[in-house]
Amino acid sequence: EQIWNRNHSPMTNGTLIQSCQSSFQSGIVVPDPGNASKYYLFGVDCFENLYKGLFYSIIDMTLSAGNGAVTATKEVNLVGNTFEIVTATKHANGTDYWVVTHTQASASFYAFCVSSTGIAAPIISNVGITVADNSQLKISPDATKIATVSWICNFNNSTGVISNPLPTGIPEGDFGAGVSFSGDSKYLYVNRSSNQRIYQLDVTVANPISTSVVVGTYTEMFAQFALAPNGKIYISFGFDRTFLGVINCPNDPGVACNYVHNGPAITGNTSGASIPNFVDYWLQNNTLCLPLLPIELISFTGACEKNNVLLHWSTAVETNNDYFTIERSANGNLWETIGTVDGAGNSFTTLNYEFIDSSPLPFAPSQSSSVAQGGEGLYRLKQIDFDGKFEYFAPVAVNCHTEQSEVSISPNPAEN
């Protein structure tokens with residue numbers, strides 16, 4: 001394999017033999033805390049080469065006229081028999097770095113501290129879980145969590161100790177599995193290739209799996225994630241794709257994260273099975289996208305059925321939707337709540353709801369066009385989020401005393 005310089009040319013002394021292009025995460029680069037001109041390149045071998053382990057090389061950017069070259073310290077083995085995964089983050093001291101991988105034989109995490117004096121002996125954490133070689137390994141931008149597709153663990157960036165594994169609900173061995181935290185470290189995104197779905201979990205709660213929600217689907221075998229400097233998460237779907245997927249708003253809950261399968265084009269080239277691996281600590285951000293409407297209402301209809309009023313409504317998207325209340329009015333000024341219907345929380349598929357008013361009011365005639373007319377009743381929806389925020393949708397009039405007994409509208413949100 002080959003290291004390339006800033007000009008997209010082979011770097012001097014950059015041919016590697018203890019590396020593999022098919023590795024799920026073939027390598028990661030961290031600065032030398034003791035020399036601003038030098039960098040450590042860490043690489044892992046792959047299944048085809050019998051998992052020879054984690055190696056490092058030193059790159060000196062003052063060499064080769066400023067284009068950099070690999071020094072004589074090249075492909076030094078740190079630990080053998082590792083999976084195809086490696087990640088890194090900043091040490092709590094703000095200067096040093098942690099580089100983490102996982103071994104097969106001992107089923108342990110190995111965390112190496114990189115400081116101005118070199119690479120220290122590993123901190124070994126055996127937390128009682130197995131990790132497959134077909135998952136990315138990521139540390140949250142705030143350096144408090146570490147995750148594979150199947151497990152979320154605590155990470156101590158002072159000591160390098162990994163602990164408290166919690167399941168994501170994705171089984172080990174689900175091939176082509178990607179992992180990424182949001183820039184604010186609240187959400188974890190994982191994919192499951194067996195059903196080609198992308199999930200979001202809230203890692204700030206005690207039981208993250210209870211918050212798991214599907215935020216997107218895809219059709220390919222692979223899906224690898226990379227958090228970018230612009231706060232978005234980009235997704236490589238494997239070989240020969242001319243585009244990347246994108247999660248535009250990773251810090252936003254549920255489908256508000258705005259996943260797009262066919263995202264930015266790869267001009268003049270195609271994707272591979274993996275995506276570049278970065279130190280996500282550098283990519284922390286707390287930016288939220290512009291607030292999206294909690295629900296996208298498709299329609300709201302009302303009809304008379306014998307002595308009842310039957311209300312139907314459909315939603316295309318729901319975000320953080322706790323429940324609906326149904327309100328009724330005879331004059332458009334005074335409204336009363338006559339029932340509630342649970343919402344779906346988060347959904348990006350069409351959902352249908354209904355409510356029956358079995359005791360309609362005897363409505364009085366009115367000459368105002370803004371209120372119910374003779375024999376009509378007004379019904380409106382109020383949608384309430386889990387955080388207590390709410391919005392109203394424009395009312396529908398139902399007249400049970402004329403031949404035209406059904407009215408439907410496709411409303412916009414309204415404050416009153």
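Mentor: Bear in mind that the model is predicted. The structure holds one cavity of 30 Å³ or more, and the largest cavity has a volume of about 30 Å³.

Trainee: Which residues line the largest cavity?

Mentor: The lining consists of Lys145, Ile152, Cys153, Asn154, Asn164, Leu166, Val203 and Pro208. Strand E15 (151–155) and strand E16 (162–167) each supply at least two residues. The largest share, three residues, comes from E15.

Trainee: How is the lining of the largest cavity divided by class?

Mentor: There are five nonpolar, two polar and one charged residues. Cys and Pro count as nonpolar and Lys as charged, and Lys145, Cys153 and Pro208 are among the lining residues.

Trainee: Turning to the sheet, in what order do its four strands lie?

Mentor: The order is E21-E22-E23-E24, in an open sheet with antiparallel pairing.

Trainee: Why do E21 and E24 stand at the edges?

Mentor: Strand E21 (224–227) and strand E24 (259–260) each have a single partner strand, so one side of each is left without a neighbour in the sheet.

Trainee: How do you know that E23 and E24 pair?

Mentor: Pairing requires at least two bridges between the strands. Strand E23 (residues 245–247) and E24 have two bridges, in the antiparallel sense, so they pair by that cut-off. As for the residues, Tyr259 in E24 is the bridge partner of Ile247.

Key
Residues are numbered from 1 along each chain as its sequence is written. This is a predicted model: local features need pLDDT of at least 70, side-chain atom pairs count only at pLDDT 80 or more; totals for chains, interfaces and linings use all residues. Side-chain values use heavy atoms; hydrogens and water are left out. On a 1 Å grid over the protein atoms alone, a cavity is a set of points where a 1.4 Å probe fits but cannot get out, and a pocket is an open set with protein on both sides within 12 Å along at least five of seven lines; lining residues have an atom within 4 Å of a point. Grid points are joined across faces, edges and corners, and a volume is the space filled by probe spheres set on the points.
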